[in-house]
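Morning, everyone. Please bring the structure up on your screens. I'll walk you through a few spots.

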Amino acid sequence: MSKTYAICEIFHSVQGEATHTGLPMVFIRFSGCPLQCSWCDEPLHRQPTKAEHLTLEQIRARILEIAPNTPNILLTGGEPLIADELDTLVEYFKEQEYWIAMETCGEGGEIPAEVDWVTLSPKNPLPQTVYERADEIKFVIGPDAGDTEKQQLSSCQHPNFWLQPRALPSGPDPRAVDLCYRWALESGGTWRLSLQTHKYIGVD
Ligand code: SF4
């Protein structure tokens with residue numbers, strides 16, 4: 001029997017966050033995550049009964065059906081790293097000449113070598129090697145963050161570093177946006193502001 005992957009949804013949209021804001025991508029959202037952040041804004045991945053178990057060929061067919069001209073794939077979740085044989089999936093789509101990005105908390109498994117772009121959104125301290133593998137770091141900041149969080153950010157040096165305001169279930173949280181805006185200004189450019197622009201225009 002062919003290997004399957006637990007997938008919540010596959011959809012076509014533009015990346016709303018950080019470096020690749022505005023770039024059309026096919027989003028493959030994996031089911032499950034090793035963490036349980038109380039504020040997680042992607043509750044779908046926590047409902048394993050809603051996951052579809054798809055083979056590589058079925059995933060590819062779905063992508064070609066919804067976005068035949070888009071050469072960019074984003075692996076997201078939940079947490080893609082917990083998927084068994086993620087390397088095989090990445091190699092399969094690299095053979096189809098896709099550019100592959102991944103959003104990860106950095107926990108649950110190894111980042112496949114062939115992933116082209118890694119967005120690391122750490123929730124816990126991670127080994128230095130994981131930070132070094134990241135092409136961008138995106139910290140999610142709640143409205144009540146203070147000196148402790150600022151110290152954590154300051155201890156993480158990376159040339160492509162983003163502050164992303166934590167959203168409310170109803171959409172952007174103005175208090176978190178304001179805090180990230182002020183911290184970005186104070187940083188002088190070391191930290192940049194990542195707005196979830198898809199939420200402002202009302203798309204996935
Ligand atoms: S790591 Fe991300 S996907 Fe997992 S529970 Fe936390 S916010 Fe949700």
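Start with K138, which is found in strand β7. Helices (H or I, at least four residues) and strands (E, at least two) are DSSP runs, numbered from the N terminus. This is a predicted model: local features need pLDDT of at least 70, side-chain atom pairs count only at pLDDT 80 or more, and totals for chains, interfaces and linings use all residues. Residues are numbered from 1 along each chain as its sequence is written, and side-chain values use heavy atoms, with hydrogens and water left out.

Is K138 buried or exposed? Buried, at 5% relative accessibility. Buried means under 20% relative accessible area, exposed over 50%, partly exposed in between (1.4 Å probe, protein chains only).

What does K138 touch? Beyond its neighbours within four places in sequence, its contacts include E17, E103, W162 and S194. Contact means heavy atoms within 4.5 Å. The K138 side chain also makes a polar contact with the E17 side chain, at 2.5 Å. A polar contact is a pair of N or O atoms within 3.5 Å; within protein, one must be able to donate a hydrogen and the other to accept it, and residues adjacent in sequence count only if both atoms are side-chain atoms.

Now the sheet. It is open, with 9 strands in mixed pairing, ordered β3-β1-β2-β4-β5-β6-β7-β8-β9. Two strands pair if DSSP finds at least two bridges between them. The edges are β3 (52–54) and β9 (192–193), each pairing on one side only. Strands β8 (residues 161–165) and β9 run parallel, joined by 2 bridges. There, W162 stands opposite R192 in β9.
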